[in-house]
Amino acid sequence: MLSPVSLGGAKQRLLAERIPALFFGTAISAHVIAWAALALVAAELPYFAGGPGPVLAVVHTLTLGVLLCTAFGASLQMLPVALGQPAPTEGVCLVIFVALVTGAVPLITGFALTSVTLMGSAALPLVAAVALYVREIAALLRGGSGPLHWFILTAIIALSVAVLLAAALAANYTLGFLPDHGRIAAVHAVLAGFGFMGLMALGLSQILIPMFAIAEPPEEAPVRRAYALAAAALVLALSGLGTGVAPLTAAGAGVGLLAAAQHVQTMRAVVAKRLRRRMGPEFILLGASWAALLLALLAAAGGALGLLSETGGALVIVLVLFGWLLSILTGVLQRILPFLASMQAARAQTRSLAPAKLVEERALMIHLYGHLAGLGAVAAGTAVAIPWLIVAGAAAGTIGAVGFAWFALTVLQRTRSHLKAHALGRLSPS
Amino acid sequence: MTRDAREHEVCARTDAAGAVSVAEDPPLWLQSLDPAGATRIDVRPHLAAGRDPFDDIMALACPLRVGGALIIEAPFDPVPLRTVLAEHGFETFAKRIEAGHWRLWCLRQHAPKVTPPARGSTAGGATVWREDDGIHIDVRGLPAPAPLVAIVRLIESGDHAGTVVAHLDRDPVHLYPELAERNWSATSLPGDANEVRLRLTKAPT
């Protein structure tokens, strides 16, 4: 069956194939490293309270290597499609990617080795990567309005402040000008985790989840409510952390819980009215991410009120990063990788390529079970400070991450085979 | 209550015109229906969870060919649904199995009655109408992903003769993978200014 589709304007909204491949390929590699490295810090993780060292290196392998790479790649590709705008140029995307990696590698190494020089050297490329990215996303949002715009706009503002604070924190190791390093680090973490990643996830979900489920997008009113609650939660939490007033931080977590509940309820209503009959494992990951988010906010509120043990802070980090954000991002990736490949095939004017034919289901199952088992064991091991449980969880998570890499490689290999067969078909005598 | 009255209470069927009536005996087609070959759905959990199962049922019913069967387990006799199914070419027969459990047998007797929608009729914000070259759907002005949803809904409804002409305000990049999954293809057509017009065609099976 030939599918002579003209993608005229769509070509401008699809990034060159290698751009998502670079961002997502890096994220998928860092995903394996992050899970495996958890085993190396199993003894220290439950009592982690910030500061350079191997645990912070693992945290940033996940945040910069996996989460930021995926968020950058996904938003640079999906927002132009969703908003009907031309995609950023290949050159700009390449500069963002190179700057991000050039900053992330020395930063993570610097944290692991506690090298102030390496940490300092990461600041400039990371600030440059974020500045360029923010400029591109702001250009995509220009002239538009509505809840999606508010989520994304607030997210990039939070990212901008988060990276400036990160640069200040790096400089503070040498210059010592910050009055309270730990408090600023906490503000940075909340801005990056909840402000940027969280609002980006909530915003993009309004588009991606209806698209994955083939369902009507949500009504605007509940999305507005979720945004208002999430923004209020962020302001409260940041005020609490910035001023050291714990009840404010707890109130932020509480309002965040309401925002999360509103978001989950809205998304469940969307999925309930779906046209797609078969729900893939990505929806299980989505459910796990929502559960982890609610648990993380409950734990954060408890922690702010002093109700948790000394492992509470690390547990919140595990639930937010490995539970909420990693679950949703791997779920999204396993859906958009075959879709992007199918779109690229359509762009190449080949025979149509059904995304399902690109997917190796066994690989996704390995990832699903490995991820969920790893998450459960690492969270439990952190909560009760049992290092061997964390090591076991890290092993399961690593197996899951390898399964995910297998899935991604299969998509790539099958797409290339399809394109190659099409090219040969064109050359062969008819 | 007499035996006849009880039978009248627990059995009902629709004819092809969509009229629901009580019936004493199962229709002839039910005797030759192979339950193993039928598509099945139990909507009792949906309803217990407060979810409307209509879309799930239609998603199973619409792709069935003439002679295809669908068996629905429901907590009651879903009379309005049976009227809708009749419009889609199904004859139905319902029987109460036990308290709170009805079974609905549905057999597609003919292709759906494609009543040409009047220009301006809308589905999910999209405008749908019929012309000589097939069903048209205009999704211009809808925010993403509403165009994708409206087109897939129309394709899956079966209310077309294998060709749909879609009017969009930009190339629907997310639609192409969904078309490929459903064995449909797209071809560019000349359109108005600022319009992307596509002919969507179901591949022969």
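A salt bridge is a side-chain nitrogen of Lys or Arg within 4 Å of a carboxyl oxygen of Asp or Glu. Side chains of opposite charge can pair when their charged atoms come close. The model on your screen is predicted, so local features need pLDDT of at least 70 and side-chain atom pairs count only at pLDDT 80 or more, while totals for chains, interfaces and linings use all residues. Residues are numbered from 1 along each chain as its sequence is written, chains are lettered from A and ligands numbered from 1 in the order in which they are written, and side-chain values use heavy atoms, with hydrogens and water left out.

**Stop 1: salt bridges in chain B**

Select D42(B) and R44(B). Their side chains meet in a salt bridge of 2.8 Å, N to O. D42(B) is partly exposed at 30% relative accessibility, and R44(B) is partly exposed at 27%. Here buried means under 20% relative accessible area, exposed over 50%, and partly exposed in between (1.4 Å probe, protein chains only).

Next, select R103(B) and E73(B), a salt bridge with its closest N and O atoms 2.9 Å apart. R103(B) lies in strand β6 (residues 101–108) and E73(B) in strand β4 (residues 69–74) of chain B, so the pair ties together parts that are 30 residues apart in sequence. Helices (H or I, at least four residues) and strands (E, at least two) are DSSP runs, numbered from the N terminus. E73(B) is buried at 9% relative accessibility, whereas R103(B) is partly exposed at 23%.

Then select D138(B), R140(B), E195(B) and R197(B), which are linked in a network of salt bridges. Over all chains, the search finds 17 salt bridges.

**Stop 2: strand β9 of chain B**

Select residues 134–138 of chain B, which form strand β9; 5 of its 5 residues are buried. Two strands pair if DSSP finds at least two bridges between them. Strand β8 (residues 126–131) runs antiparallel to β9(B), and 5 bridges join them. A hairpin connects β8(B) to β9(B) through 2 residues. To see one bridge, pick V128(B) and its partner I137(B).

Strand β10 (residues 163–168) of chain B runs parallel to β9(B), with 4 bridges between them. Here, pick I135(B) and its bridge partner V164(B).

**Stop 3: two loops in chain A**

Most residues other than glycine have a negative phi, and most peptide bonds are trans. Select I214(A), whose phi is positive, near 55°. I214(A) sits in the loop between α7 (181–213) and α8 (220–243) of chain A, and is buried, with a relative accessible area of 0%.

Move on to helix α12 (residues 361–383) of chain A. This helix has 23 residues and reaches 33 Å from its first C-alpha to its last, close to the 33 Å expected at 1.5 Å a residue. The expected span is 1.5 Å times one less than the number of residues. After α12(A) comes A385(A), with a positive phi near 55°. A385(A) is in the loop between α12 and α13 (387–427) of chain A and is partly exposed, at 21%.

Which of the two counts as buried, and which as exposed? E360(A) is buried at 12% relative accessibility, and R362(A) is exposed at 55%.
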